Amino acid sequence: MTTYKVFFYAGDDLGLKTKVDRGEATLDESSLRVDGSNGVSIPLRDVSAVKLFRLHGLGRVIQIDHSGGRLFISVIRFMIGQFAAINFFKTGDLNDRLLAATTTES
């Protein structure tokens, strides 16, 4: 089980003005759980796609499509208000782990 400090947003589209929440993401063998003010829990069997992209060239963000909608998540170094310093390598690590876990689940 691995835990990451993250910002996240559950919705269809993420932009620079989107209000995101801060929380902790935990990935285990069966689910991704994000604890925060609007936390979510996604069984890995419900994940249909995982995509890593650069949000306006500023930082890496993971888009997770699942049966309940879409989740955007990124590992952070720190966050002050809506300003976040994204941890480039840890976000890549979380993406790799999600891809491995969802490929195994299928």
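1. The largest nonpolar core has 19 residues. Val-6, Leu-32, Val-34, Ile-64, Ile-73, Leu-94 and Leu-98 have the most contacts inside it. A nonpolar core is a set of buried Ala, Val, Leu, Ile, Met, Phe, Trp, Tyr and Cys residues joined through side-chain atoms within 4.5 Å. Buried means under 20% relative accessible area (1.4 Å probe, protein chains only).

2. Helix 1 (88-105) gives two or more residues to this core, and so do strands including strand 1, strand 3 (31-36) and strand 6 (59-66). Helices (H or I, at least four residues) and strands (E, at least two) are DSSP runs, numbered from the N terminus.

3. A second, separate core has 9 residues, among them Leu-14, Val-20, Phe-53 and Ile-76.

4. The model is predicted: local features need pLDDT of at least 70, side-chain atom pairs count only at pLDDT 80 or more, and totals for chains, interfaces and linings use all residues. Residues are numbered from 1 along each chain as its sequence is written, and side-chain values use heavy atoms, with hydrogens and water left out.

5. Which strands pair with strand 1? Strand 2 (residues 21-27) does, antiparallel, over 7 bridges. Strand 7 (residues 69-80) also runs antiparallel to strand 1, joined by 5 bridges. Two strands pair if DSSP finds at least two bridges between them. Phe-7 has Arg-22 as its bridge partner in strand 2 and Ser-74 in strand 7.

6. Strand 8 (residues 83-86) gives the largest share of the lining, 3 residues.

Notes:
Buried means under 20% relative accessible area, exposed over 50%, partly exposed in between (1.4 Å probe, protein chains only).
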